[in-house]
2 protein chains.
Amino acid sequence: MKEIKLISPRVANVPWQEKPEKLTGAPVWRYSSNPIIGRNPAEGVARIFNSAVMPYGDEFIGVFRGEQTNGIPYIYLGRSKDAIHWEFDKEKIPFTDEAGNPFMPVYAYDPRLVKIDDIYYIIWCQDFYGAAIGMAKTTDFKTFVRIENPFLPFNRNAVLFPRKLNGNFVMMSRPSDSGHTPFGDIFLSESPDMVYWGKHRHVMGKGSEWWQSLKIGGGAAPIETSEGWLLIYHGVSGTCNGYVYSIGGAILDIDNPSIVKYRCENFLLTPEEWYEERGFVPNVTFPCATIHDSETGKMAIYYGAADSYVGLAFTYADELIRYIKEHSVVSAGDTEIGIR
Amino acid sequence: MKEIKLISPRVANVPWQEKPEKLTGAPVWRYSSNPIIGRNPAEGVARIFNSAVMPYGDEFIGVFRGEQTNGIPYIYLGRSKDAIHWEFDKEKIPFTDEAGNPFMPVYAYDPRLVKIDDIYYIIWCQDFYGAAIGMAKTTDFKTFVRIENPFLPFNRNAVLFPRKLNGNFVMMSRPSDSGHTPFGDIFLSESPDMVYWGKHRHVMGKGSEWWQSLKIGGGAAPIETSEGWLLIYHGVSGTCNGYVYSIGGAILDIDNPSIVKYRCENFLLTPEEWYEERGFVPNVTFPCATIHDSETGKMAIYYGAADSYVGLAFTYADELIRYIKEHSVVSAGDTEIGIR
């Protein structure tokens with residue numbers, strides 16, 4: 001962590017396990033006690049996966065995709081002292097409208113959690129007469145007020161940047177279709193007020209590498225670094241027996257993040273452990289959050305595994321960024337401003 | 001035109017042909033000299049269809065989907081003294097960015113033309129790393145300045161309301177997928193500035209009637225009437241030999257147009273003439289504009305026919321609205337505010 005720096009708070013208690021002696025490929029290693037959240041983690045919830053966590057005071061808090069035993073996914077709040085062992089609220093998060101009246105989505109899944117200034121935003125995918133992005137804000141994790149749906153359907157995998165750029169909120173999303181979507185690029189949008197969104201820009205599309213040759217989508221909230229915005233995303237391959245979701249990495253321009261500076265041609269992690277290859281949707285590693293410490297550069301990557309578990313992996317930010325830069329392949333489309 | 005009134009300017013020279021003596025079904029009749037624009041209408045343009053026209057001074061002006069002989073659609077300007085015989089510019093409309101630099105879409109099709117206050121807006125479908133809505137404004141039909149793409153892909157059939165509502169511009173659109181889209185509902189979005197869009201609301205989805213049982217999409221700009229916003233739209237049926245596009249009608253609440261007040265269960269017009277059944281895409285009647293006179297209630301509906309021609313049909317606004325009300329079937333989804 002000399003030349004490459006994280007521009008983010010100190011998180012001294014970032015969960016951590018040292019790098020194993022033998023490690024090939026990307027400098028990313030799994031927690032040896034994965035999965036950290038197993039089956040039937042709470043009453044009425046069969047599986048928790050594709051979930052987002054962050055520091056909160058001296059402890060940790062998170063929003064979790066809880067697949068209820070009736071098959072409908074909702075978002076559950078969880079708390080942890082060490083970011084590894086989690087306790088979940090019994091009831092799903094009680095979203096309200098601005099007036100305080102209950103306003104629950106029909107379903108909600110794949111939440112992300114991002115703090116901007118002093119407000120925490122939860123962003124998820126829900127029914128809006130079609131799959132689309134839902135959002136809510138909270139300051140105390142007791143009241144959760146929904147704000148306007150930012151985009152028309154069909155859209156998934158929305159992630160907010162952790163600070164405004166040029167005075168505007170910035171959100172990444174992945175326009176989709178009404179089904180399992182055999183295509184998908186990452187776009188950026190801006191908003192002055194979290195009500196109206198515009199200045200949409202294309203960030204990057206699928207890659208020529210097999211593991212991201214079908215579609216891609218944002219994963220964890222982008223991390224500000226001295227090299228640009230570090231983006232941990234997912235890339236999907238279409239096989240004769242279904243989709244395979246791997247974890248990829250890219251670095252976006254710090255002022256114009258629709259411009260991709262570096263994009264790693266190799267996956268950072270791909271399904272190979274039993275909890276990634278087996279489950280409700282086999283062969284999925286789906287990153288939704290990181291916890292990272294600017295002092296040591298330690299990073300913990302939280303990812304959904306096989307739509308059944310939560311997995312944890314570690315890396316050093318400087319090693320990861322160096323690896324991405326050393327293995328970078330960017331296309332002409334990646335480096336464009338992304339307006340047509 | 002006693003009880004039911006159009007709230008729009010006088011257009012004394014609205015093109016017109018009297019109602020034929022024998023007319024069954026909806027009170028809509030075709031111009032006897034249809035199609036008004038035939039094949040190879042201009043040098044390098046094989047077909048003109050799905051185009052929008054409006055009064056301009058004492059004459060008429062329009063934006064036309066010109067399918068070039070290389071197969072790429074662009075938008076051409078046309079002028080007419082009678083709104084029936086049209087002359088087209090040789091070159092496609094030369095769109096620029098705000099700085100005046102050329103900024104042409106990769107392709108552009110199905111334009112609509114709407115005047116709000118003293119500015120004319122052209123709205124079309126184009127490539128934005130996927131099919132999406134493009135927009136430009138002009139005051140003189142000499143310079144055409146593109147403004148921000150309002151929405152992420154994938155989207156088609158966007159139409160502006162002819163005035164602001166509650167201080168905001170309002171646009172109707174039809175979220176789509178990357179292909180021929182076997183689904184599709186109409187949504188509304190608002191903008192304070194034509195840069196940022198939000199407060200998205202669902203207006204209505206496909207109907208149970210065969211002619212609109214696959215998808216629907218906005219057609220002509222909504223017309224303000226004493227009964228609400230009169231919407232001429234298209235409804236699509238999926239058959240074993242392809243899609244069939246018919247013309248439908250609905251009336252939206254004047255203050256909250258995401259609420260459908262009346263929706264005609266019968267099509268207003270469906271392909272049956274040779275120029276509607278035969279062509280590049282057989283069995284298409286696709287409305288994009290109306291010219292209407294508030295004094296007499298005379299309305300001329302311009303529609304693309306078989307992706308090959310422009311057709312013209314006539315109606316009286318009061319008869320049409322009465323027919324829509326008498327044959328109205330609205331679903332629960334139609335009458336909702338349309339937020340989830």
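Guide: Contact means heavy atoms within 4.5 Å, and it is in this sense that residues of the two chains are said to touch in what follows. The model is predicted.

Visitor: How many residues of chain B are in contact with chain A?
Guide: On the side of chain A, 40 residues take part in the contact. Together the two chains bury about 3,300 Å², with 64% of that area on carbon and sulfur atoms. The number of residues of chain B in contact with chain A is 40.

Visitor: Which residues of chain B lose the most area to chain A?
Guide: Chain B and chain A bury about 3,300 Å² between them. Of what the side of chain B buries, three residues together account for 29%. Those that lose the most area to chain A are B:Tyr129, B:Tyr196 and B:Arg340.

Visitor: What relation do the two copies have to each other?
Guide: Chain B is superposed on chain A by a rotation of 180° with 0.0 Å of shift along its axis, at an RMSD of 0.0 Å. That is the relation of a two-fold axis.

Visitor: Which strand of chain B gives the largest share of the side that touches chain A?
Guide: Across the interface of chain B and chain A, 19 residue pairs are in polar contact. Strand 8 (119-127), strand 12 (169-175), strand 13 (186-191) and strand 14 of chain B each supply at least two residues of the side that touches chain A. The largest share is seven residues, and these come from strand 14 of chain B.

Visitor: Is B:His200 buried or exposed?
Guide: B:His200 is placed in strand 14 (residues 196-204) of chain B. Its neighbours, apart from residues up to four places away in sequence, come from both chains and include A:Phe128, A:Glu148, A:Phe151, B:Leu188 and B:Ile339. Since buried means under 20% relative accessible area, the 2% found for B:His200 makes this residue buried.

Visitor: Which residue has its backbone oxygen 3.0 Å from a polar atom of the side chain of B:His200?
Guide: Among the residues that B:His200 touches are A:Asn149, A:Pro150 and A:Leu152. One of these places its backbone oxygen 3.0 Å from a polar atom of the B:His200 side chain, and that residue is A:Pro150.

Visitor: Which residue forms a salt bridge with A:Arg201?
Guide: Between chain B and chain A the count is four salt bridges. In the one formed by A:Arg201, the closest N and O atoms are 2.9 Å apart, and the partner is B:Glu148.

Visitor: How many residues apart in sequence are the parts that A:Lys19 and A:Glu319 tie together?
Guide: The closest N and O atoms of the salt bridge between A:Lys19 and A:Glu319 are 2.7 Å apart. A:Lys19 lies in the segment before strand 1 (29-30) of chain A, whereas A:Glu319 lies in helix 2 (residues 317-326) of chain A. A:Lys19 is partly exposed at 33% relative accessibility, and A:Glu319 is partly exposed at 23%. In sequence, the parts that this pair ties together are 300 residues apart.

Visitor: Is B:Asp293 buried or exposed?
Guide: The side chain of B:Asp293 meets that of B:Arg10 in a salt bridge of 3.0 Å, N to O. This pair links distant parts of the chain, with B:Asp293 in the loop between strand 20 (285-292) and strand 21 (298-305) of chain B, and B:Arg10 283 residues away in the segment before strand 1 (29-30). B:Arg10 is partly exposed, with a relative accessible area of 46%. At 1% relative accessibility, B:Asp293 counts as buried.

Visitor: Which strands of chain B stand at the edges of the sheet, each with a single partner strand?
Guide: In chain B, five strands form an open sheet of mixed pairing in the order 6-10-9-8-7. Each edge strand has one side left without a neighbour in the sheet, because each has a single partner strand; the two are strand 6 (95-96) and strand 7 (108-116).

Note on methods
Residues numbered from 1 in each chain as written. Chains lettered and ligands numbered in written order. Predicted model: local features only at pLDDT ≥ 70, side-chain atom pairs only at ≥ 80, totals over all residues. Heavy atoms only, no water. Helix = DSSP H or I, 4+ residues; strand = E, 2+ residues; numbered from the N terminus. Buried < 20%, exposed > 50% of the residue type's maximum accessible area, 1.4 Å probe, protein only. Polar contact = N/O pair within 3.5 Å; in protein donor to acceptor, adjacent residues only side chain to side chain. Pairing = 2+ DSSP bridges. Least-squares fit on C-alpha atoms with pLDDT ≥ 70 in both. Buried area = accessible area lost by both parts, 1.4 Å probe.
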